[in-house]
Amino acid sequence: MRSALLLIPLLFLPVLAVASGQGPAAPLDDAALLGAGFLDGHPDMKFRQWGMDALQRGDAEAAMDNFRKAARYADKPAQGLLGEMYWYGVKRAADPVMAFAWMDVAAERGYPLMLELRDKYWAALPLEQHDIARAQALRLRDEYGDAAARPRLAAELQRGKRAMTGSRTGSLSNNVDIVYMDGGVSRTIKADRLYDPTYWDPDRYQRWQDENWMKIRRGTVEVGLPTQTPSPAATEGKP
């Protein structure tokens with residue numbers, strides 16, 4: 001029997017990959033930005049991407065570890081992914097209390113998809129688990145909620161921009177080529193593309209994320225539940 005893994009990231013991939021038609025494109029879809037070291041200054045995206053890669057390899061422990069790291073930098077997709085993994089019990093026993101708690105943190109900005117999933121998890125909890133679930137959600141918010149996590153991310157954005165700009169800060173608005181090495185090959189990228197304030201100013205960065213996430217609802221994508229797919233030999237001769 002071959003297990004078909006639940007590809008939870010499919011639920012979230014459209015979010016930062018969707019451009020509204022205005023402003024910059026999604027960084028994770030921009031090979032030049034990634035090659036120039038963009039993710040070094042964005043630990044939220046970096047650890048989420050590493051977690052998704054681990055999940056696709058079937059390494060649930062590494063996936064959850066990286067999602068938790070991303071979650072510490074106010075990454076709502078990573079927090080939601082943790083909720084999904086606890087809900088479905090990916091490579092572990094399902095834990096509805098932790099699923100609700102993580103999705104409650106992910107929903108604090110009012111994203112419709114996160115709110116819907118949080119309410120679904122809450123409705124499924126037995127009444128005797130409600131107080132436990134609320135308490136767990138509060139504990140997570142103390143470390144991963146925006147009040148604690150956004151200052152961490154803001155510090156990393158500022159640190160990353162300083163590390164990348166160096167002495168070029170005064171010319172970022174000009175049509176300047178930035179040279180970087182990618183796999184031993186010298187490449188260039190325009191400064192105004194790499195240093196777009198949308199990616200580096202903490203408030204603008206969150207507004208950009210919020211604008212995209214507010215458009216995403218459960219009907220946008222379909223995610224299948226884990227299934228068992230029988231081998232051809234097992235079905236041979238059956239009607």
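A salt bridge here is a side-chain nitrogen of Lys or Arg within 4 Å of a carboxyl oxygen of Asp or Glu. Keep that in mind. The model is a predicted one. By this rule, the count comes to 15 salt bridges.

Start with Lys 76 and Asp 146. Their side chains form a salt bridge, at 3.6 Å from N to O. Lys 76 sits in helix H5, and Asp 146 sits in helix H9, residues 146-165. Are they buried or exposed? Lys 76 and Asp 146 are both buried.

Asp 146 has another partner. Arg 109 meets Asp 146 in a salt bridge, 2.8 Å from N to O. Arg 109 and Asp 146 are both buried.

Take one more pair from it. Arg 118 and Asp 104 form a salt bridge at 3.6 Å, N to O. Arg 118 is in helix H7, residues 112-124, and Asp 104 is in helix H6, residues 96-106. Asp 104 counts as buried because its relative accessible area is 12%, under the 20% limit.

Now back to H5, residues 76-88, and its contact with H4, residues 60-71. Their axes come within 8 Å and cross at roughly 145°. The crossing is left-handed. On the H4 side, the contact includes Met 64 and Phe 67; on the H5 side, Leu 82 and Met 85 are among the residues met. The contact residues divide into eleven nonpolar, one polar and one charged.

Definitions and conventions:
Residues are numbered from 1 along each chain as its sequence is written. This is a predicted model: local features need pLDDT of at least 70, side-chain atom pairs count only at pLDDT 80 or more; totals for chains, interfaces and linings use all residues. Side-chain values use heavy atoms; hydrogens and water are left out. Axes are lines fitted to C-alpha atoms, for helices over the stretch in contact, and angles run from 0 to 180 degrees between N-to-C directions. Helices (H or I, at least four residues) and strands (E, at least two) are DSSP runs, numbered from the N terminus. A crossing is left-handed if the near helix is turned anticlockwise from the far one by less than a right angle, and right-handed if clockwise. Contact means heavy atoms within 4.5 Å. Ala, Val, Leu, Ile, Met, Phe, Trp, Tyr, Cys and Pro count as nonpolar, Asp, Glu, Lys and Arg as charged, and the others, Gly among them, as polar. Buried means under 20% relative accessible area, exposed over 50%, partly exposed in between (1.4 Å probe, protein chains only).
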